[in-house]
Amino acid sequence: MTTTEPPTRSAGRTRALVAVVALLVAALDLAVKAWAEITLPGNPIDLGPLDLRLTFNSGVAFSLGDSLPAAVVVAVTGAIVAGIVVYAWRSAPSLDVLTGLGLGAVLGGAVANLLDRARDGAVTDYLHNGWFATFNLADTGITLGAALMILAALRNDRRAKTATTT
């Protein structure tokens with residue numbers, strides 16, 4: 001009997017995958033933020049379509065909530081990160097590799113931005129292209145992680161439809 005279901009992974013292995021990806025994304029982002037804070041003040045670097053330019057965002061995405069007290073933004077962000085952790089832990093037995101990678105990237109980016117914001121009330125941004133908001137590697141991890149999770153969901157949905165028609 002053939003099946004179109006992806007191979008199952010143990011919950012422990014999936015949790016480890018999510019944790020390792022999250023740790024790598026967060027560590028890389030925090031290291032680059034530290035470098036940017038030392039190197040970029042008053043000294044942007046032009047790389048063509050993308051500049052390295054230091055800015056600080058006291059709000060969340062696209063500076064939303066920048067007038068709120070930092071403690072409120074940290075508390076709300078912390079609650080969201082906690083929700084992602086609970087979701088990752090509980091859903092681990094049913095996650096495929098692609099979803100685990102995406103979830104790890106989202107979690108790593110969220111944790112990195114939370115730790116950065118908790119330090120001084122703002123997130124360090126440094127990737128600037130002139131036509132979009134200035135962002136950082138954590139934001140990139142969140143965006144790419146979400147894209148991976150959407151891709152995995154679409155792939156799994158296609159597999160489920162194929163399995164029901166055969």
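Biologist: Which residue of E3 is the bridge partner of Asp51?

Modeller: In this predicted model, the bridge partner of Asp51 in E3 is His128. Asp51 belongs to strand E2, which covers residues 51-57, and His128 belongs to strand E3, which covers 123-128.

Biologist: What makes E2 and E3 paired strands?

Modeller: Five bridges join E2 to E3. Pairing requires at least two bridges between the strands, so E2 and E3 count as a pair, and they run antiparallel.

Biologist: Why are E1 and E3 said to stand at the edges of the sheet?

Modeller: The three strands form an open sheet in the order E1-E2-E3, with antiparallel pairing. E1 (45-46) and E3 each have a single partner strand, so one side of each lacks a neighbour in the sheet.

Biologist: How do you know that E3 is largely enclosed by the rest of the structure?

Modeller: Six of the six residues of E3 are buried, and therefore the strand is described as largely enclosed. Buried here means under 20% relative accessible area.

Biologist: Which helices lie against these strands, and at what angles to E3?

Modeller: Helix H1, residues 11-39, packs on the sheet and touches E1, E2 and E3. The direction of H1 makes about 80° with that of E3. Helix H3, residues 97-120, lies across E2 and E3 and runs at about 120° to E3.

Biologist: Why is the contact between Lys33 and Asp29 called a salt bridge?

Modeller: The side chains of Lys33 and Asp29 meet at 2.7 Å, N to O. The limit for a salt bridge is 4 Å between such atoms, so the pair qualifies. Both residues lie in helix H1, four residues apart, about one turn of the helix. Lys33 and Asp29 are both buried.

Biologist: Are Asp116 and Asp120 buried, partly exposed or exposed, and how do you know?

Modeller: Asp116 has a relative accessible area of 3%. Buried means under 20%, so Asp116 is buried. Asp120 has a relative accessible area of 43%. Since buried is under 20% and exposed is over 50%, with partly exposed in between, Asp120 is therefore partly exposed. Salt bridges that share partners join Asp29, Lys33, Glu37, Asp116, Arg119 and Asp120 into one network. A search of the whole structure finds seven salt bridges.

Biologist: Why can such side chains pair at all?

Modeller: Side chains of opposite charge can pair when their charged atoms come close.

Biologist: Where do Thr99 and Thr143 lie?

Modeller: Thr99 is found in helix H3. Leaving aside residues up to four places away in sequence, Thr99 touches Met149 and Ala152. Thr143 lies in helix H4, residues 137-165. The C-alpha atoms of Thr143 and Thr39 are separated by 26 Å, and the two residues are 104 apart along the chain.

Biologist: How many residues does the chain have, and what share of them count as buried?

Modeller: The chain has 166 residues, of which 36% count as buried. The accessible surface comes to about 9600 Å², and 70% of that surface belongs to carbon and sulfur atoms.

Notes. Residues numbered from 1 in each chain as written. Heavy atoms only, no water. Helix = DSSP H or I, 4+ residues; strand = E, 2+ residues; numbered from the N terminus. Contact = heavy atoms within 4.5 Å. Axes fitted to C-alpha atoms, helices over the stretch in contact; angles between N-to-C directions. Buried < 20%, exposed > 50% of the residue type's maximum accessible area, 1.4 Å probe, protein only. Areas by Shrake-Rupley, 256 points an atom, 1.4 Å probe, with all protein chains shown as cover.
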